[in-house]
Amino acid sequence: MSFLFILFVFVSISYSNGISVDAGLTPAEDRWIFRTQFRYLSLSSMAMDHQKIGMYTIPVILAYGLKSNLSLLVRQPVIRRNISIVGASSAESGFGDLFIMGKFKVFRRNHENYTLGLAATLGIEVPTGSDGFSSETWDLQPGLYFSWRRGSLGSDVSMTYTLNGFADKGQNNMNPGNELAFDWAVSYQFGLGERSMTSLAPVIEVSYRDLSPDRLNLRDIENSGGSLLFFSPGMKFTLSSLILEILVQIPVVQNRNGVQIERNATWLFGMRYMF
Amino acid sequence: MEKMKLNIKSNFGLFITIVICIAFLGSCLSQKTKPAFASPKGLETRVYQVLGMDCPGCHGGVEKLINKIPGVFDSKANWKKKQIVVRIQKEGEVSDESIFEAIRRANFTPGKRKN
């Protein structure tokens, strides 16, 4: 049961944001954005059979600006995890659930000295993942993204609420808990070169996650849910249409209900290519 | 633990390989072929103010839309200067309004024409 629980937790935590810069600024019409990341996350629990888990996730994302005020995004994660329990270890790979999202520009103001943008999103996660890598539920995710730029300084705020299993139940007839996610990023951009075709931007992100407990037969599951707070320093390097990112998400507060696996730092290497 | 380290290395290597392949493919696909008859001498150069560009990554979106306008030879945006330089074929009739519209579709705001 604890093993099954860990697998389920994997699915729900593996896609937490990172480098959420630019989120409130919708892409140009007819603009393609290819984005991928390499994430490495390790988890451990001394209480649960000395389990140690290493997980790499490679989400592959394709976004397209359908109109100047509407863009569409599709994300397909590829996941590999290594589980070690009391000396014995195993490794598995598979596809995570497909995520489809529409982003709508609510407001954008391009002033000579600053830029403001507000975007609303609606995403749905479809249970298309491989066995053991899928949440097995349809998950709905509305969100709000806000971006602000002034000179070289930028700040982004995003808030999403994921209704896990909004229309069905998950593994073992369980109702997975919903998740509130809040991210705040601040960056400072240094233009490099004569035409500033290259830029380097140190980034600091603060992320908060609040997970409701999972429910079984209308009762909360004791060892589930809780809240997490991350502090994430990173760097964003832009070379014309290519963006390279590196970020480390450090969990600073982990308020977990009951006995749960402990989350260690997540390393994130990412790239975006726009065409 | 050794095995895990090896796995990280091999997966990260695969990730880097995919990234390089995609970047190369993308740059090949985004290459714009120009008509052979258009020589730089026969071009009119216009400079437009563009508000809202905040990084070099913004250039491509607005350049792509402006380059699609019939009569436009090419364009080069500069986020630091908040402007775009548009080269137009002399025989082409390109209105300022069509350039402004392309800037708006890129989610930026057109400012003044500078020349």
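Apart from its neighbours within four places in sequence, Ala106(B) is in contact with Ala28(A), Glu29(A), Gly61(B), Val62(B) and Leu65(B), two residues being in contact if their C-beta atoms, placed from the backbone, lie within 7 Å. The structure is a predicted model, in which local features need pLDDT of at least 70 and side-chain atom pairs count only at pLDDT 80 or more, whereas totals for chains, interfaces and linings use all residues. Residues are numbered from 1 along each chain as its sequence is written, and chains are lettered from A and ligands numbered from 1 in the order in which they are written.

Ala106(B) is located in the loop between helix 3 (96–105) and strand 4 (109–113) of chain B; helices (H or I, at least four residues) and strands (E, at least two) are DSSP runs, numbered from the N terminus. Ala106(B) is buried because 30 other C-beta atoms lie within 10 Å, the cut-offs being 20 or more for buried, 12 or fewer for exposed, and partly exposed in between, with C-beta atoms placed from the backbone. A distance of 9.0 Å separates the C-alpha atoms of Ala106(B) and Lys64(B), which are 42 residues apart along the chain.

The contact between the chains takes 41 residues from chain A and 34 residues from chain B. On the side of chain B that touches chain A, helix 1 (2–29), helix 2 (59–67) and helix 3 of chain B each supply at least two residues. Helix 1 of chain B gives the most to this side, with 12 residues.

In chain B, 4 strands form an open sheet with antiparallel pairing, in the order 2-3-1-4; two strands pair if DSSP finds at least two bridges between them. Strand 2 (72–78) and strand 4 of chain B stand at the edges with a single partner strand each, so one side of each has no neighbour in the sheet. Strand 2 of chain B is joined to strand 3 (residues 83–89) of chain B by 6 bridges, and Val72(B) stands opposite Ile88(B) in strand 3 of chain B.

In chain A, strand 14 (residues 226–239) and strand 15 (residues 242–256) pair in the antiparallel sense over 12 bridges. Their hairpin has 2 residues between the strands, and Ser240(A) takes a positive phi near 55 degrees. Strand 15 of chain A also pairs with strand 16 (residues 262–274) of chain A, in the antiparallel sense over 8 bridges. The hairpin of strand 15 and strand 16 of chain A has 5 residues between them, and Gly258(A) in the turn has a positive phi of about 65 degrees.
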